[in-house]
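Here is my note on this model, point by point. Please read it with the structure open.

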Amino acid sequence: MLSIKDLHASVGGREAGEAGRGDGAEREILRGINLEVRAGEVHAIMGPNGSGKSTLASVLAGNPRFKVTSGEVLFEERDLLALSVEERAREGLFLGFQYPVEIPGVTMANFMKAAVAERRKALGLQTLTASEFLAMTREKAALVGLAPAMISRAVNEGFSGGEKKKNEIFQMAMLAPRLAVLDETDSGLDIDALRVVGEGVTALRRKDNAIVLITHYQRLLDYIVPDYVHVLAGGRIVLSGGRDLALRLEAEGYDGIV
Amino acid sequence: MIFSNIPEVAADEVVAFEAGDHAAEPIVVKGGSGVIRSVKVVLGAGARLRLPVFVLGRGKLALTVDLAGAGAELHLYGLFIAAGMDADINVRVNHLASDTLSRQLVKGIATEAGEAGARNVDAEQGRGEFTGMIFVAKGVQRVDAQQYSRNIQLTPGARIVTRPQLEIYADDVKCSHGATVGGLDEEAIFYMRQRGVDEATARRMQLEGFVADIVSRCPTDDSRVEIAVRIDKLLTQ
């Protein structure tokens, strides 16, 4: 489903004539990532702060802040890096944001209607009727314990930290992605919200989709049990293993392993 | 026509409101020929007015509101869109009586019109201007006034000018004002694109969101629809 080969990416570089802050020097953050994710699998990517975890998520989604300098990413046999941000999403790549963005004045309903319509178009499905959309909204909101009324609120505006993260998983449920990359979905969650989010994600786990969890801590993996755990450090995957690797990291810390 | 509360003439107009709650139909300058409309609103004791105002096209609105009686309240919501032309809103709020309150939220969008060719012509640049004066007369007590100016400059050649001003001759006054000018939120654009919404639609949705809390203050469906259609036309050209 996802095949990453020797991926290098940088931040901070500036196009000719582009105004910007800083000295414009490019800094390489990903220094040769290799990763294979197959349908039905859950991979956890762990690592210390600044190791490049979130950059990997951003690069997969096509965030224009980062520049891929070399390497290859295949998503469902297609050249992912050649696709625009929205094309990647329509093909079934979902990024759960570490910091979900507030969009004043844009309601969740309008936003999700537009997003779901694009996803369904890409799948060759008909646009949902208003009542089908509403029914789907209720069902998916219940999955993550969000009040259905939040659909009439502006996107993430005034949402608590926990609601924002639940809203990410709600959107994932609405869009039924082939591959979900969840970037520190557990950060800022209390234990109850963590359980709800974890169970929600687990309920969305299927044989034909895959999930990449990016996390600093082991605790999320109590609720979403991964098939593989990778440790990212200095922009490379330095260690891979099974579930037990996460427990070892928790016990010994990154210093003892990386 | 829809905007019947305040007849659309270029000369000075004066409208007075008595005690009670009033949700006025919007004052709209539709522009096109650089029309200047000058309106004076007088609020008597206990008159509480919600007033939406719009300059949508080449033109200028000069609005004066007198809070003339105790307990008068003004809730003003304004929007100007300068799409390849000048659009100005000029507001003067006079607190002439004690225990009066004013709230102003005026939003602006400036953008160059059309394609590259038009950008060489000065008049096509798009220049939006807000001038807002809060005046508090000598001797009045317990005045509460707020004024916020929020603006989006959509293209590099467009201009926003915002001038919030205070003139206060009394002591017991609570006053705050602020102004911001920025572009669209690129993080939000990325977020929406990541959900499959194309970039142009994402930008458009964000702009519609920006104007929504002004447009929604129009009291009737008819006026909201007419304003929305007009905005749509301006931002599409």
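1. B:Arg193 and A:Glu86 join their side chains in a salt bridge, with 2.5 Å from N to O. The term means a side-chain nitrogen of Lys or Arg within 4 Å of a carboxyl oxygen of Asp or Glu. Between chain A and chain B the count is two salt bridges. The model is predicted: local features need pLDDT of at least 70, side-chain atom pairs count only at pLDDT 80 or more, and totals for chains, interfaces and linings use all residues. Residues are numbered from 1 along each chain as its sequence is written, chains are lettered from A and ligands numbered from 1 in the order in which they are written, and side-chain values use heavy atoms, with hydrogens and water left out.

2. Polar contacts come next. The rule finds 11 such residue pairs across the interface of chain A and chain B, both at pLDDT 80 or more. A polar contact is a pair of N or O atoms within 3.5 Å; within protein, one must be able to donate a hydrogen and the other to accept it, and residues adjacent in sequence count only if both atoms are side-chain atoms.

3. Which elements give two or more residues to the side of chain A that touches chain B? They are α2 (85-90), β6 (93-96), β7 (103-107), α3 (108-122) and α5 of chain A. Helices (H or I, at least four residues) and strands (E, at least two) are DSSP runs, numbered from the N terminus. The largest share, five residues, comes from α3(A).

4. Now the extent of the interface. In all, 31 residues of chain A are in contact (heavy atoms within 4.5 Å) with 18 residues of chain B. The two chains bury about 1,900 Å² between them, 66% of it on carbon and sulfur atoms. Buried area is the accessible area (1.4 Å probe) that two parts lose on being put together, summed over both.

5. Two loop residues deserve a look. A:Asn156 has a positive phi near 65 degrees and is not a glycine. This residue lies in the loop between β8 (154-155) and α5 (161-175) of chain A. B:Arg142 also has a positive phi, of about 50 degrees. Its place is the loop between β10 (127-136) and β11 (143-153) of chain B. Most residues other than glycine have a negative phi.

6. Are these two buried or partly exposed? A:Asn156 counts as buried because its relative accessibility is 0%. B:Arg142 counts as partly exposed because its value is 45%. Buried means under 20% relative accessible area, exposed over 50%, partly exposed in between (1.4 Å probe, protein chains only).
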